[in-house]
Amino acid sequence: MFKFKSITAIVLTTLVSLAGNAAPKNTTLTCKVYNHAGSAVSLYKVENGEAKRLEFRRPGNMDTCRFSIDMEKEGIYLIRKGASKQSAFNYVIYLKPGDNKTVTIYNSFVAVDFDSCKVISPNSETVSLQKWTDLFNNYCKQGLFRNKRDQYVADYSILVKQAEELKRKAVSKNQYFNYLFASKVNAELLYAKAAAFFNYGERMNGDVDTNSLNKTFYQALGKQKFTNACVLQSEHGLQLVKYWLGYKLFLKLGQQEKMLAASFIEKANAISNDSIRRAFILDHMEGVTNYEQFKADIQPFKKLFNTAETKLVYQHKEDELTVYAKGAPAYNFSLTDTKDKTVSLSDFKGKVVVLDIWAMWCAPCLQEKPFFQKIEEEYKDRGDIVFIGVSHDGVARKENWKQFVARKGWEGIELIANYNESIGKYYKVEGIPRLMIFDKEGKIVTVDAPRPSSPEFKKLIDQTLKTSDRVTNP
């Protein structure tokens, strides 16, 4: 059975340095989408054992869309259709700082993903990754059918042989890629076992696959020990860890119900590697919705948030559940509009305030603005709601901003601020667009609302108006 090999911190540090940490270089990915019918292209990056969506683009002129990334370090990226929720990613590309790559994509109206996605002049890293992705996904498709489970188990040894051969052929002068590729393949070989035990998230299979061969196939999971963070180089890595924890707890507790009832603290403490444990906690933290749960599940592991980035994430979540919590008083900003008039949040007492933080240089912001304005138009006859744009271009660019707003023909309330002052400073705004909603009493509803293009954005506005009406007119 496959086992993860121990990699020392010195080797890992060397490999990271080989990947390059110089000044960011602009990297572009141009997608030509045939028969797109408005379907968006989403770009993901593998981070902390998951596929994190960076951006999505809808094809425009000449049926193309373009992604532009300021990249410091090479890595594995994934392409898929729109916001598909399927677990498998069919198309992969390896990007390096300064790359300028083109992809041709063919789309059908009904498929959940693109029919094909071909990288023009792919580098050798992309070729190896795509070969493995095709092999792995084709194998995993068998695992979705219980009546094919015996064949799935029997074919596993074939997949392992194919993986070893591919790893051997993929070895190149790029040592960092060699590490990433081997780590990803090894993690996904183990994922194929763990996912099968839980029927790929549908239910647990251990009580069904009773023959001795299948039992042995699953029992090998219990011998695994994740002693380094290599598993996180796969987009399936974090899910693998969750499956593995479930399997270990099932062996320990003997019943599925007890396994599911195990506390988060117990699960986190079962992970020996700090990097994997931190990724597991960060994933859980996204779903924490109250301070009591934060204190119980997250605070005990505060020491793991030991980098500038993770400290910021921890602090932001704590603030979100306290200072930024729903019902807390909103920050009373005072900013100037396009006519140099000072506008404050307190000016709108008795009105729901919907805030859009944007900038002239922010492409996603400008993509969302028409949605924001369309929703604003829908409420134009109501006197108890106001929509406000806040530019983070900075007061030094005030004249440019005024001309930009005039050229766009935007007639709503538009304000300007320095990104590190006022709203940006108080709410620790690190990325835009950022949408916020405050109720009629000047209290926070949310300081991180869905984007206007999401149906959830308007639903939240309607809900806020109804709630405010009940408070005002009980």
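This briefing describes a pocket, the cysteines, the salt bridges and the aromatic pairs of one structure. The structure is a predicted model, in which local features need pLDDT of at least 70 and side-chain atom pairs count only at pLDDT 80 or more, while totals for chains, interfaces and linings use all residues. Residues are numbered from 1 along each chain as its sequence is written, and side-chain values use heavy atoms, with hydrogens and water left out. A search of the whole structure gives 29 salt bridges, and a search for aromatic pairs gives 34. The count of disulfides is one.

**The second largest pocket**

- The second largest pocket holds about 330 Å³ of space. A pocket is here an open set of points on a 1 Å grid over the protein atoms alone, where a 1.4 Å probe fits, with protein on both sides within 12 Å along at least five of seven lines. Its volume is the space filled by probe spheres set on the points, which are joined across faces, edges and corners.
- The lining consists of 17 residues, and those closest to the centre of the pocket are Ala 40, Phe 56, Arg 58, Glu 368 and Ser 453. A lining residue has an atom within 4 Å of a point.
- Two or more lining residues come from each of strand S3 (50–57) and helix H12 (363–378). Helices (H or I, at least four residues) and strands (E, at least two) are DSSP runs, numbered from the N terminus.
- Sorted by class, the lining has six nonpolar, five polar and six charged residues. Ala, Val, Leu, Ile, Met, Phe, Trp, Tyr, Cys and Pro count as nonpolar, Asp, Glu, Lys and Arg as charged, and the others, Gly among them, as polar.

**Cysteines**

- A disulfide is a covalent bond between the sulfur atoms of two cysteines. In this model a disulfide is assigned to a pair of cysteine sulfur atoms within 2.5 Å.
- Cys 362 and Cys 365 are joined in this way, with an S to S distance of 2.3 Å. The disulfide is right-handed, because the torsion about its S-S bond is about 75°.
- Cys 362 is buried at a relative accessible area of 4%, and Cys 365 is buried at 2%. Buried means under 20% relative accessible area, exposed over 50%, and partly exposed in between (1.4 Å probe, protein chains only).
- Cys 65 takes part in no disulfide, and the nearest cysteine sulfur, that of Cys 31, is 4.5 Å away. Cys 65 is buried, with 5% relative accessibility.
- Cys 117 is also in no disulfide, and the nearest cysteine sulfur to it, that of Cys 31, lies 6.6 Å away. Cys 117 is buried at a relative accessible area of 14%.

**Salt bridges**

- A salt bridge is a side-chain nitrogen of Lys or Arg within 4 Å of a carboxyl oxygen of Asp or Glu.
- Lys 369 and Asp 356 form a salt bridge at 3.0 Å, N to O. Lys 369 lies in helix H12 and Asp 356 in strand S11 (residues 352–358), so the pair ties together parts that are 13 residues apart in sequence. Lys 369 is buried at 1% relative accessibility, and Asp 356 is buried at 3%.
- Glu 378 pairs with Lys 458 in a salt bridge whose closest N and O atoms are 3.7 Å apart. This pair links distant parts of the chain, with Glu 378 in helix H12 and Lys 458 in helix H15 (residues 455–472), 80 residues apart. Glu 378 is partly exposed, with a relative accessible area of 43%, as is Lys 458, with 28%.
- Arg 277 and Asp 274 form a salt bridge with closest N and O atoms 3.8 Å apart. Both residues lie in helix H9 (residues 274–285), three residues apart, or about one turn of the helix. Arg 277 is buried at 13% relative accessible area, whereas Asp 274 is partly exposed at 41%.
- A network of salt bridges links Asp 340, Lys 398, Glu 399 and Lys 402.

**Aromatic pairs**

- Rings of Phe, Tyr and Trp (its six-membered ring) pair if their centres lie within 6.5 Å; planes under 30 degrees apart count as stacked, over 60 as edge-to-face and the rest as tilted.
- Tyr 139 and Tyr 152 are stacked, because their ring centres are 4.3 Å apart and their planes are at 25°. Tyr 139 lies in helix H2 (residues 124–142) and Tyr 152 in helix H3 (residues 149–170), so the pair ties together parts that are 13 residues apart in sequence. Tyr 139 is buried at 5% relative accessibility, and Tyr 152 is buried at 0%.
- Tyr 427 and Phe 438 form a stacked pair, 6.4 Å centre to centre with 25° between the planes. Both of these residues are buried.
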